[in-house]
Amino acid sequence: MDLKQKIGLRVRAARTNRKLTQEQLAEKIDKTVETVSNIERGRTLPALDTLERLGRVLSIPLREFFGEEE
């Protein structure tokens, strides 16, 4: 699994745990639903500023996007 896929899985899991739709998350991070979908599917590696916004909204420290699975 590559980095894009790992980040995507973590974003999707955090979003669903917080009971947010892709639309709600996209609005909170000022991105399109298509962008959120592409991140979650591992098609797009988000820019650092986008990761920072995702981390803030989803309460995930940036390092957790890159850490190994437990």
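Leaving aside its neighbours within four places in sequence, which residues is G55 in contact with? The residues are I60 and F65, where contact means heavy atoms within 4.5 Å. The structure examined here is a predicted model, in which local features need pLDDT of at least 70 and side-chain atom pairs count only at pLDDT 80 or more, while totals for chains, interfaces and linings use all residues. Residues are numbered from 1 along each chain as its sequence is written, and side-chain values use heavy atoms, with hydrogens and water left out.

G55 belongs to helix α4; helices (H or I, at least four residues) and strands (E, at least two) are DSSP runs, numbered from the N terminus. With a relative accessible area of 7%, G55 is buried. Here buried means under 20% relative accessible area, exposed means over 50%, and partly exposed lies in between (1.4 Å probe, protein chains only). The chain also brings G55 and V11 into view together: they are 44 residues apart along the chain, and their C-alpha atoms are separated by 8.7 Å.

Helix α4 as a whole can now be described. Spanning residues 48–58, α4 has T50, L51, L54, G55 and L58 as its buried residues. These cover an arc of only 140 degrees around the axis, so they sit on the same side of α4; the arc is that of the directions from the helix axis to the C-beta atoms. L48 and R56, on the other side of α4, are exposed. The packing partners of the buried residues of α4 are α1 (3–17), α2, α3 and α5 (62–66). After α4 comes S59, with a positive phi near 60 degrees.

The axes of α2 (residues 22–29) and α3 (residues 33–40) come within 8 Å and cross at roughly 110 degrees. Axes are lines fitted to C-alpha atoms, for helices over the stretch in contact, and angles run from 0 to 180 degrees between N-to-C directions. The two helices are therefore roughly perpendicular to each other, a term for angles of 65 to 115 degrees. On the α2 side, Q22, E23, L25, A26 and I29 meet V33, V36, S37 and E40 of α3. The residues of this contact divide into five nonpolar, two polar and two charged; Ala, Val, Leu, Ile, Met, Phe, Trp, Tyr, Cys and Pro count as nonpolar, Asp, Glu, Lys and Arg as charged, and the others, Gly among them, as polar.

Within α3, the buried residues are V36, S37, N38, I39 and E40, and their cover includes α1, α2 and α4. N38 counts as buried at 16% relative accessibility and touches R43 and T44, leaving out residues up to four places away in sequence. E34, also found in α3, is exposed, with a relative accessible area of 59%. Just after α3, G42 takes a positive phi of about 75 degrees.

Conventions. Angles under 35 degrees count as roughly parallel, over 145 as roughly antiparallel, 65 to 115 as roughly perpendicular and the rest as oblique.
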